[in-house]
Amino acid sequence: MESTKPSRGFWVLTAILGGISVAAIVYFWTTPTVQPWLPPEGGHPGNEVDKLFRFMAASAAVLYTFVVGYIVYFAIVFRRRKSDPPDALGVHVHDNNKLETAWTILPSLFVVLLSIFSVKIWSVLYLQQPANGLVVESIAHQWGYVFRYPNVKGEIPEEMHLPVNVPVTLNLTSRDVIHSFWVPNMRLKADMIPGMVNVIKFTPTRIGRYPIICTEFCGTLHSRMNGMVSTENGAIMVVESEAAYQAWYHRTQIAQARAPSAAEATEATAIALASGSASAGKTLFSQKCSACHALGPFSQRVVGPGLMGVLHDPSHPNLVDGDPATPANVAKILQRGFTGSYGTMPNQSENALSNQDIANLVAYLNTLK
Ligand code: HEC
Ligand SMILES: [Cu+2]
């Protein structure tokens, strides 16, 4: 019977594994907050999340080193030897109270430590109400995000401006299906659920433009809800200086003053189409319409029909609602929305369009031949 006393080799190995562990801890503890392969972290408690991440990475590296190191070592030392009889049995060891106590207590302490660390971060994200902070709502829809600000009328699509170093309370919900709100730079992620408001709190601390990404499969154009890859529909969180934010806020407040509220939009008011600007309409189209409409013939369907020649195609004299293809009737569809055999065309408030936006869009559609 072989001895179970650790040999010299065992202690040498233990010293080597200890050395590797110390190196791993030093690596994870001293590399800058930003791991080279993580997007730069831009806020609080994102920085705390990174700390927790580094703590867990260092702990896991130590655990991995010892477990794998010993498994390999023991597999070699206690292997079956040529000289062993065919029915040889390995050494059987039963009950070692000291060891068992240690491997119960140490991991328990570790888990408790992790919980304390995590609950601290959780309380910043969900509980601590920042004094004099900013409250912003974001509503997801198929397929994009809109934002509402205090004392700004209507909804702002796709760009969420925030002043740096001001605490933010974000109220998140959805208009149609479950979406999500993920900002990798802020280490923030929450579901956006119709009929429910999820609240998260954070403070952006680094000026920059950060993509907002939907991580909940939400329909055919889910991939457009990715500010990292989509130039057409991707939403962006713009963190800027207090002065730049104030300038944006006041500009937006004025521009949005004409935006429709949900109640007004249901009654179709006559729109002054003559004031439409085709170039403004073109920009709007790429922001708000191209998710559902291609610039191709009527038959080229994305969600809705292709809109090339919607007003100038002899083989397409009538619009989907049966009315003749005239600018005024296109404006009516943009105002009221329409549900037909293709699906649902959202109305003015759902698309967050002002009357001027509609005039611009109609002017643009009128140039498509
Ligand atoms: C969520 C998808 C979606 C979005 C966003 C959307 N549409 Fe539509 N649109 C549709 C669908 C679906 C139809 C067809 C409805 C039907 O007939 O079933 C439609 C129909 C239309 C029609 C009538 C086309 C015709 O040939 O009769 C026009 C014009 C139109 N949309 C313009 C726009 C404009 C401009 C925008 C941007 C402000 C826009 N749509 C945004 C889905 C969308
Ligand atoms: Cu989505």
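**N165 sits in the loop between strand 5 (159-163) and strand 6 (168-174).** The model is predicted: local features are taken only at pLDDT of at least 70 and side-chain atom pairs only at pLDDT 80 or more, while totals for chains, interfaces and linings use all residues. Residues are numbered from 1 along each chain as its sequence is written, and chains are lettered from A and ligands numbered from 1 in the order in which they are written. Strands (E, at least two residues) and helices (H or I, at least four) are DSSP runs, numbered from the N terminus. N165 is not a glycine, yet its phi is positive, near 65°. Most residues other than glycine have a negative phi, and most peptide bonds are trans. N165 counts as partly exposed because it has 15 C-beta neighbours inside 10 Å. The classes rest on C-beta atoms placed from the backbone: a residue is buried with 20 or more other C-beta atoms within 10 Å of its own, exposed with 12 or fewer, and partly exposed in between.

**A352 lies in the loop between strand 13 and helix 8.** Its phi is near 50°, again a positive value in a residue other than glycine. A352 counts as buried, with 26 C-beta neighbours inside 10 Å.

P45 belongs to the loop between strand 1 and helix 2 (46-77). W143 is in the loop between strand 2 (134-141) and strand 3.

**C218 is in the loop between strand 10 (208-212) and strand 11 (235-240).** C218 is buried, with 22 other C-beta atoms within 10 Å. Leaving aside residues up to four places away in sequence, C218 touches Q142, W143, V177, I178, H179 and M225; a contact requires the C-beta atoms, placed from the backbone, to lie within 7 Å. V93 is 125 residues from C218 along the chain, and their C-alpha atoms are separated by 55 Å.

Strands pair if DSSP finds at least two bridges between them. Strand 3 (residues 144-148) and strand 4 are antiparallel and share two bridges; F147 has I156 in strand 4 as its bridge partner.

**The hairpin of strand 7 and strand 8.** Strand 7 (residues 179-183) is largely enclosed by the rest of the structure, because five of its five residues are buried. Both of its faces are covered, with H179, F181 and V183 buried on one side and S180 and W182 on the other. In a regular strand the side chains alternate between the two faces of the sheet. Strand 7 runs antiparallel to strand 8 (residues 188-192), joined to it by five bridges; the partner of W182 in strand 8 is K189. Four residues lie between the two strands, and R187 in the turn has a positive phi of about 55°.

**The largest nonpolar core has 47 residues.** A nonpolar core is a set of buried Ala, Val, Leu, Ile, Met, Phe, Trp, Tyr and Cys residues joined through C-beta atoms within 7 Å. V183, I212, M237, I358, L361, V362 and L365 touch the most other members. Helix 8 (residues 355-367) gives the largest share, seven residues. At least three residues come from each of domain 2 (134-256) and domain 3 (265-367); the domain bounds are taken from an automatic or database domain assignment. I212 touches Y145, M160, F181, V183, G227, A235, I236 and M237, not counting residues up to four places away in sequence.

**The contact between domain 2 and domain 3 takes twelve residues from domain 2 and seven residues from domain 3.** The side of domain 2 that touches domain 3 has four nonpolar, four polar and four charged residues. Ala, Val, Leu, Ile, Met, Phe, Trp, Tyr, Cys and Pro count as nonpolar, Asp, Glu, Lys and Arg as charged, and the others, Gly among them, as polar. The C-alpha centres of domain 2 and domain 3 are 26 Å apart.

**The shell around ligand 1 has 28 residues.** A residue belongs to the shell if its C-beta atom, placed from the backbone, lies within 6 Å of the ligand. The closest residues are C289, C292, G304, G340 and Y342. Helix 7 (327-336) and strand 13 (344-345) are the elements that give two or more residues, and helix 7 gives the most, with three residues. The shell divides into 19 nonpolar, eight polar and one charged.

How values were computed. Two residues are in contact if their C-beta atoms, placed from the backbone, lie within 7 Å.
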